[in-house]
Protein chains: 4
Amino acid sequence: MKKKEYEKLLEPMQTRLAEMAYWAQKNGKRIVIIFEGRDTAGKGGAINAIHNVLNPRQVQIAALTKPSEAEKTQWYFQRYIPHLPSAGEITLFDRSWYNRAGVESVMGFATKEQVDQFLEQVPIFEKQLTDDGILLFKYWLCCDQEQQEERFKERFEDPRKRYKLSPMDAGARDKYDAYTQAREKMLKASHTKNAPWTLVDFNDQKIGRLTLIHDLLERLPEMKIPEPDFKLDPLAEKPKKEKYSVVKPLKPYRTE
Amino acid sequence: MKKKEYEKLLEPMQTRLAEMAYWAQKNGKRIVIIFEGRDTAGKGGAINAIHNVLNPRQVQIAALTKPSEAEKTQWYFQRYIPHLPSAGEITLFDRSWYNRAGVESVMGFATKEQVDQFLEQVPIFEKQLTDDGILLFKYWLCCDQEQQEERFKERFEDPRKRYKLSPMDAGARDKYDAYTQAREKMLKASHTKNAPWTLVDFNDQKIGRLTLIHDLLERLPEMKIPEPDFKLDPLAEKPKKEKYSVVKPLKPYRTE
Amino acid sequence: MKKKEYEKLLEPMQTRLAEMAYWAQKNGKRIVIIFEGRDTAGKGGAINAIHNVLNPRQVQIAALTKPSEAEKTQWYFQRYIPHLPSAGEITLFDRSWYNRAGVESVMGFATKEQVDQFLEQVPIFEKQLTDDGILLFKYWLCCDQEQQEERFKERFEDPRKRYKLSPMDAGARDKYDAYTQAREKMLKASHTKNAPWTLVDFNDQKIGRLTLIHDLLERLPEMKIPEPDFKLDPLAEKPKKEKYSVVKPLKPYRTE
Amino acid sequence: MKKKEYEKLLEPMQTRLAEMAYWAQKNGKRIVIIFEGRDTAGKGGAINAIHNVLNPRQVQIAALTKPSEAEKTQWYFQRYIPHLPSAGEITLFDRSWYNRAGVESVMGFATKEQVDQFLEQVPIFEKQLTDDGILLFKYWLCCDQEQQEERFKERFEDPRKRYKLSPMDAGARDKYDAYTQAREKMLKASHTKNAPWTLVDFNDQKIGRLTLIHDLLERLPEMKIPEPDFKLDPLAEKPKKEKYSVVKPLKPYRTE
């Protein structure tokens with residue numbers, strides 16, 4: 001999909017994302033959106049497409065680093081829970097507690113017992129959240145290995161992206177099938193009535209983002225942002241110019 | 001500035017932002033960038049331009065909501081300090097402790113004594129951080145009132161942005177001069193050798209973003225991202241396709 | 001019970017509490033002990049009897065203040081969860097999540113729906129913790145109203161304790177039966193196989209403490225603290241005296 | 001000092017500690033008390049003597065465990081700051097940020113540069129707290145090596161205390177003079193007008209505790225706890241007895 005077309009289709013969705021945020025704020029709703037999926041599938045881009053139109057004081061990206069030694073010994077969900085939203089807030093999880101059933105399982109960072117216990121606890125844990133009124137959306141971003149390979153190559157060659165790539169990522173390329181199996185096992189255990197999974201094809205990332213955001217919006221109640229109940233009266237005086245006495249602004253970046 | 005031109009100029013800067021992140025990671029550097037400025041100046045857009053090219057596990061946006069009743073009684077800096085970075089991390093403050101000298105001072109949410117004490121403490125506090133090795137950058141985004149008025153009007157009329165606008169924002173439009181005075185007083189107190197302010201003209205937000213990022217990069221040591229020390233060997237087998245047994249992916253959003 | 005006798009009986013239990021702590025530390029055990037019960041029953045004294053013999057770096061008293069406005073809108077268990085122990089740690093909850101079924105229910109701070117939802121969630125929540133290997137002990141401290149009245153009077157008259165008493169406490173004196181009913185309802189919902197309740201008669205607080213600690217120790221595996229695997233060699237030099245050059249110590253409090 | 005005498009002298013001080021807590025609560029005061037000193041000097045006992053008479057919801061013991069890998073790379077004071085009190089709260093630090101100038105310096109866990117930087121920053125840091133209105137008390141507990149040796153031996157032989165002893169503690173016995181020197185250097189740097197140190201002789205721990213608490217109380221404004229402004233009316237009905245339907249209380253611990 002061409003960028004122009006993408007932006008034209010995205011724009012009305014952004015309006016509706018703004019409505020979603022307004023609605024959440026006015027009604028004390030708590031929204032959690034989990035983004036999981038293949039390496040390179042496009043989680044970050046999808047999160048940014050949503051985050052960039054919302055008020056940063058209302059929306060939080062939770063992208064946890066690896067656990068500390070103490071955290072590793074705690075209840076598995078413990079370190080994720082402080083990121084759950086208060087009334088009117090939205091949390092976007094870039095990866096999530098599902099790490100345990102994905103990368104940790106495939107790469108052997110968790111034992112089979114730990115993975116099995118996770119798969120047993122996760123539907124119970126999520127049911128507590130949804131019973132409590134949290135709106136929980138779980139998206140899994142898919143792409144074929146051919147696409148994934150292309151994107152790995154691009155990262156390898158693009159200095160803007162190269163530093164995101166590690167030998168471990170490279171080593172994981174062989175494990176496409178193992179990731180598929182881990183995902184299917186995870187879906188079997190955690191695709192529940194109250195917290196279902198939604199899979200989105202991200203072979204084309206722009207179409208993927210539109211599909212994901214469109215689905216999210218369809219599942220929320222429609223709510224128009226009301227006309228402001230105040231007016232922007234004309235200023236009483238002529239608009240002022242910036243004036244500087246202590247520090248002068250930088251010379252603008254040359255653009256000729 | 002046209003979008004095309006902006007993107008062309010931004011691209012090489014994004015490469016260098018990636019280098020910055022890599023350098024911070026490899027050398028255990030801690031980077032704090034404060035974004036302050038007029039309402040509507042473009043803090044969020046500047047933050048997103050940087051955040052979107054970095055690894056979300058390495059960079060954090062700190063956009064604090066209003067303090068709780070208990071937090072209001074604590075040492076003023078206390079609630080900001082947990083957001084300071086560990087080694088290899090970057091924190092982008094969308095507004096910051098400078099709230100006290102800006103909106104809180106102008107709108108009367110803080111007493112004159114509180115503002116004065118803040119202005120006395122802030123250079124001492126920041127010196128502790130920079131003495132400890134934190135790289136602290138402080139940007140103040142400027143725009144003339146005419147621009148600000150246009151953007152207020154745009155927010156008022158655009159349903160994507162309308163919900164960001166409150167009667168209080170509208171009421172603050174008259175206080176352009178008061179904000180200028182508060183800023184100059186703040187600059188006098190906190191434009192220090194170890195933690196200087198940089199003012200950037202955001203009358204044109206695209207030029208503003210380029211100017212800000214260019215300045216940031218100029219002040220960091222140059223460091224090329226090294227060639228990867230591993231290879232992407234060809235896959236041993238034919239690339240796999242996604243296969244689904246539990247849940248099928250969504251039908252892609254119609255694009256015809 | 002006389003103080004002398006109490007202390008004689010307590011001493012060997014303190015040895016075994018020390019063993020418990022050592023065992024937890026060496027085996028990465030996590031111990032949670034909940035202290036609930038009537039106002040004035042003696043929760044604080046029981047907690048101190050355990051806390052005072054343990055290493056403060058290993059044991060934590062969690063006595064939460066009332067929730068902030070934001071916390072009130074979160075998942076009810078959310079603010080308690082950060083206090084759950086890491087490997088080798090012990091948390092003593094002075095009141096706990098059971099507030100919702102006790103004081104909040106009786107005094108009307110929570111709606112009937114909130115209380116019912118709590119009673120439904122609490123066994124599920126606790127099962128997750130015990131399935132994860134947390135050792136969870138729940139003690140409810142009982143006393144007759146006559147005792148409670150005496151202690152209220154004592155608090156009222158003793159300047160050391162008077163400030164602990166509020167008009168609300170005084171108002172709760174009439175609600176002895178309502179508290180009994182709330183407790184019985186709570187026990188019905190949460191006295192589970194994996195997380196049973198233990199009721200302890202605290203009409204005599206010294207006997208109550210001995211009974212509680214004795215029960216706790218009985219339910220833990222016996223484990224002797226091994227002989228130290230190092231020696232305290234005699235000092236190479238004569239023992240030194242304190243010497244002061246900057247600040248002199250205070251004159252000891254007169255004891256004649 | 002005999003226990004009886006100690007308790008008789010302590011009792012009126014406990015009344016005044018209760019007054020202190022009441023006064024802090026009513027006036028929104030924040031109190032920080034740092035307990036530092038020799039190994040075995042009696043920090044824990046002194047803290048418990050104060051903690052045990054106060055409302056656990058108002059007073060917090062901060063006994064930090066060793067820092068995580070991430071915390072080690074942060075601004076040194078960062079992990080202590082979340083424990084600073086809100087209005088009406090009291091924090092008792094069992095060891096504190098002064099670790100850097102004590103054990104970390106003597107045992108070589110911190111470099112000379114880190115210790116020097118700490119000694120430079122600590123008076124500045126503390127001045128910020130006291131300027132902000134925090135009441136900061138710093139006690140250093142002294143004892144001669146002969147006492148320390150006796151207590152080490154007691155710990156070595158007493159199964160209740162043995163587990164508190166590690167080979168490292170044993171190894172530190174030789175370093176009495178090094179600790180003295182480190183303390184004197186620390187006092188020189190941090191015995192400031194706004195945050196002075198108080199040294200207390202803990203060769204006799206009971207006298208030490210009385211001396212410390214007496215000093216603390218002397219430095220606070222006197223404030224009587226007012227008579228309650230409510231009455232304890234007689235109960236309308238006969239006092240009730242406990243009744244149990246779901247779980248019966250434990251048989252009281254045999255005392256014959």
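Trainee: In what order do the 5 strands of the open sheet in chain D lie, and is the pairing parallel or antiparallel?

Mentor: In general, the strands of a sheet pair through backbone hydrogen bonds, either parallel or antiparallel. In this predicted model, the order in chain D is β2-β3-β1-β4-β5, and the pairing is parallel. Strands (E, at least two residues) and helices (H or I, at least four residues) are DSSP runs, numbered from the N terminus, and two strands pair if DSSP finds at least two bridges between them. At the edges stand β2 (59-62) and β5 (197-201) of chain D, each pairing on one side only. Neighbouring strands of this sheet are turned by 20° against each other on average, direction ignored.

Trainee: Which helix packs on the sheet of chain D?

Mentor: Helix α9 (residues 205-218) of chain D does, touching β4 (135-142) and β5 of chain D. The direction of this helix makes about 150° with that of β5(D). Axes are lines fitted to C-alpha atoms, for helices over the stretch in contact, and angles run from 0 to 180 degrees between N-to-C directions. Contact between two residues requires their C-beta atoms, placed from the backbone, to lie within 7 Å.

Trainee: How are residues and chains labelled, and which confidence limits apply?

Mentor: Residues are numbered from 1 along each chain as its sequence is written, while chains are lettered from A and ligands numbered from 1 in the order in which they are written. Chain A averages a pLDDT of 93, and the model scores ipTM 0.94 and pTM 0.95.

Trainee: Which rotation superposes chain B on chain A?

Mentor: Two copies of a chain are related by a rotation about an axis and a shift along it. Here the rotation is 180° with 0.0 Å of shift along its axis (RMSD 0.0 Å), which is the relation of a two-fold axis. Superposition is by least squares on the C-alpha atoms of residues with pLDDT of at least 70 in both copies.

Trainee: How many residues does each of chain A and chain B bring to the contact?

Mentor: Chain B brings 75 residues and chain A brings 73 residues. Of the interface residues of chain B, 97% are also interface residues in chain A, so the copies meet through the same surface.

Conventions
Predicted model: local features only at pLDDT ≥ 70, side-chain atom pairs only at ≥ 80, totals over all residues. pLDDT = per-residue confidence, 0-100.
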